[in-house]
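Biologist: I would like to go through some of the labels attached to this model and hear the grounds for each.

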Amino acid sequence: MISTQNAPSPVIDVYPATVKSWLDSDDVVVIDVREPFERVVESLPETIHHPVSRLDCQDLVRRYGDQPICFYCRTGRRSAQVAARYAKRRAELYAAESPETSPEKSPELELPVSHLAGGLEGWKA
């Protein structure tokens, strides 16, 4: 098993103004982890949908691992958990792909992993 305890990329809490600027500039991949029945009611524009019930962190790393990423849900609880799982899995995958390189030195691991603190409810407040 590969140790990632010293790997960078702690999850960063971000707030609506920051996420809005990211959405406006396409600087960050923003992923809605709510279930489909939640998303049909409302969602942030220009976001990608990956429901937590079917989430595959390995697939997300393969698709978006070379980009900054931000997760969101209704209140921020699920997105914080998903962001932590994603950051851990990303570190494990990059360490496995480049065993000669310390996980701490992988450039992809310097990319931020964040979640919308307060979730969609905080966005609307």
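Modeller: This is a predicted model. Which label do you want to start with?

Biologist: Why does Asp26 count as exposed?

Modeller: The relative accessibility of Asp26 is 65%, and exposed means over 50%. Asp26 therefore counts as exposed. Asp26 sits in the loop between helix H1 (16-25) and strand S2 (29-32).

Biologist: What makes the phi of Asp26 worth a remark?

Modeller: Phi of Asp26 is near 60 degrees, which is positive, and Asp26 is a residue other than glycine. Most residues other than glycine have a negative phi.

Biologist: Why does Glu46 count as exposed?

Modeller: The cut-off is over 50%. Glu46 has 67% relative accessibility, so Glu46 counts as exposed. The loop that holds Glu46 runs between helix H2 (36-39) and strand S3 (48-49). Phi of Glu46 is also a positive value, near 60 degrees, in a residue other than glycine.

Biologist: Which residues of helix H3 are buried?

Modeller: In H3, residues 57-64, the buried ones are Cys57, Leu60, Val61 and Tyr64.

Biologist: How do you know that they are on the same side of H3?

Modeller: Around the axis they cover an arc of only 100 degrees, and therefore they lie on the same side of H3.

Biologist: What covers the buried residues of H3?

Modeller: The cover includes S2, S3, strand S4 (69-72) and helix H4 (77-97).

Biologist: What does a side-chain oxygen of Asp56 reach at the start of H3?

Modeller: That oxygen of Asp56 comes to within 3.1 Å of the backbone nitrogen of Gln58. A polar contact requires N or O atoms within 3.5 Å.

Technical notes: Residues numbered from 1 in each chain as written. Predicted model: local features only at pLDDT ≥ 70, side-chain atom pairs only at ≥ 80, totals over all residues. Heavy atoms only, no water. Helix = DSSP H or I, 4+ residues; strand = E, 2+ residues; numbered from the N terminus. Buried < 20%, exposed > 50% of the residue type's maximum accessible area, 1.4 Å probe, protein only. Arc of directions from axis to C-beta. Contact = heavy atoms within 4.5 Å. Polar contact = N/O pair within 3.5 Å; in protein donor to acceptor, adjacent residues only side chain to side chain.
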